[in-house]
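Below are some questions and answers on side-chain contacts in one model. Look at the structure first, then read on.

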Amino acid sequence: MINLLRGMKDLTFEESERFEYIVNTAATIARRYGYGYIETPILEETALFKRSVGESSDIVGKEMYQFTDKGENDVCMRPEGTAGIVRAFISAKLDRQPVKQKFYYYGPMFRYEKPQKGRLREFHQFGCESFGEDSVYEDFTIITMIAQIFDALGIGYELQINSLGCKVCMPKYRETLVSSLTEIKEELCEDCNRRIGTNPIRVLDCKNDKCQALLVESPKLKDYLCEACDPEFRKLKALLDQEGIKYTVNDNLVRGLDYYSKTAFEFVSSEIGAQSAIAGGGRYDRLVEFLDGKPTPAVGFALGIERIMELVKMPEKEAEGYYMGAMTQEAIPALLKLATKKRLTDKVTVEYSSKGFKSHMKGVDKANAKYVVLIGEDELNNGTVWLKDLESKEERVIDINDL
């Protein structure tokens, strides 16, 4: 027997229905906000993620499914969605058009890391990316959309926000932070010491409890925000207050990828164990330029589908469509012809074996049908069907062409 690879998982039965419900709910809400669907390849050049996600990130340094293909190309399975969307945006020359673009996507991502609850090596994300809008109102709108998605799915959450500054205020903060971290570097973990020289702001995101305790007195980015970033962050908080969306400012929220600037946010849940983030994102105004496109402001998010699957409250299934069965073998051709016709507009479940009345009625519950249609010997001879409405309990015999 060939088993699943470690960290991979099949989605079947109730789980696949839950997965589809999450995607459909999120996509419906995204379309209301003006987003259109985009699909990008699972396989991309490794350079795309090294340049966008950042070589100092854990994704590039430890977690990518990277290999050389038969054409000697350095490729990898996508570890996240934004970089591929930006590449597609530039490839289609959309960065040179004045029209603002909004895309939503969903699909599998791949990271080679220790599997745990809510975190797999192949996992799925739903995300949105908005290009061409530099207003903090768009940041607020993205957050509002995510809140509506989780409300629709019946998921409780806490929102954390922060500002990562910009190329004006970040250098001074970075210099101050490096000086502060250097003083305590002997007590910090190995990863933090490595990041001090590559991307010191990532030290703030360390998951080591000892490091977090040492960082309590570290310089706070909000105290270094420039004349542009500070009022924008204040405006974002005011908009959230006005909308009644509760939040906390997390000074150590920096996100895990190098391309973020200004607004950063995470939606977290205490119901899924140690990995509490269920969605996150922020603004990345310089990423399009980093990937050789025309400078374009952008903001987006991604939510982890597997992380929220157990939290989703599924609606009760409503009975729909038809259960069709034959009570004599000779009636099956007529039954199949009728089923093909009705499937143009309705869901139809067909039982191919001829059975008695009671046996057919036992199969109706599993089909969750609204109507039962049976053809017996009399119905076949008369060109009729027996029809029962399972909600009203009404039964009647009608002409087969009238169904």
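Q: Is Arg 87 buried, exposed or partly exposed, and what is its relative accessible area?
A: The model is predicted, so local features need pLDDT of at least 70 and side-chain atom pairs count only at pLDDT 80 or more, while totals for chains, interfaces and linings use all residues. Residues are numbered from 1 along each chain as its sequence is written, and side-chain values use heavy atoms, with hydrogens and water left out. Buried means under 20% relative accessible area, exposed over 50%, and partly exposed in between (1.4 Å probe, protein chains only). Arg 87 is partly exposed, its relative accessible area being 26%.

Q: Which residue meets Arg 87 in a salt bridge?
A: A salt bridge is a side-chain nitrogen of Lys or Arg within 4 Å of a carboxyl oxygen of Asp or Glu. For Arg 87 the N to O distance is 3.0 Å, and the partner is Glu 44.

Q: Why does the pair of Glu 44 and Arg 87 tie together separate parts, and how many residues apart are they in sequence?
A: Helices (H or I, at least four residues) and strands (E, at least two) are DSSP runs, numbered from the N terminus. Glu 44 belongs to strand β2 (residues 43-45) and Arg 87 to helix α4 (residues 82-91), so the parts tied together are 43 residues apart.

Q: Which helix holds both Arg 234 and Asp 230?
A: These two side chains form a salt bridge with their closest N and O atoms 3.0 Å apart. Arg 234 is exposed at 53% relative accessibility, whereas Asp 230 is partly exposed at 23%. They sit four residues apart, about one turn, in helix α9 (residues 229-243).

Q: How many aromatic pairs does the structure hold?
A: Rings of Phe, Tyr and Trp (its six-membered ring) pair if their centres lie within 6.5 Å; planes under 30 degrees apart count as stacked, over 60 as edge-to-face and the rest as tilted. By that rule the count is 15.

Q: What is the angle between the planes of Tyr 157 and Phe 267?
A: Phe 267 is buried at 0% relative accessibility, and Tyr 157 is partly exposed at 25%. The pair is edge-to-face, with 5.3 Å centre to centre and an angle of 65°.
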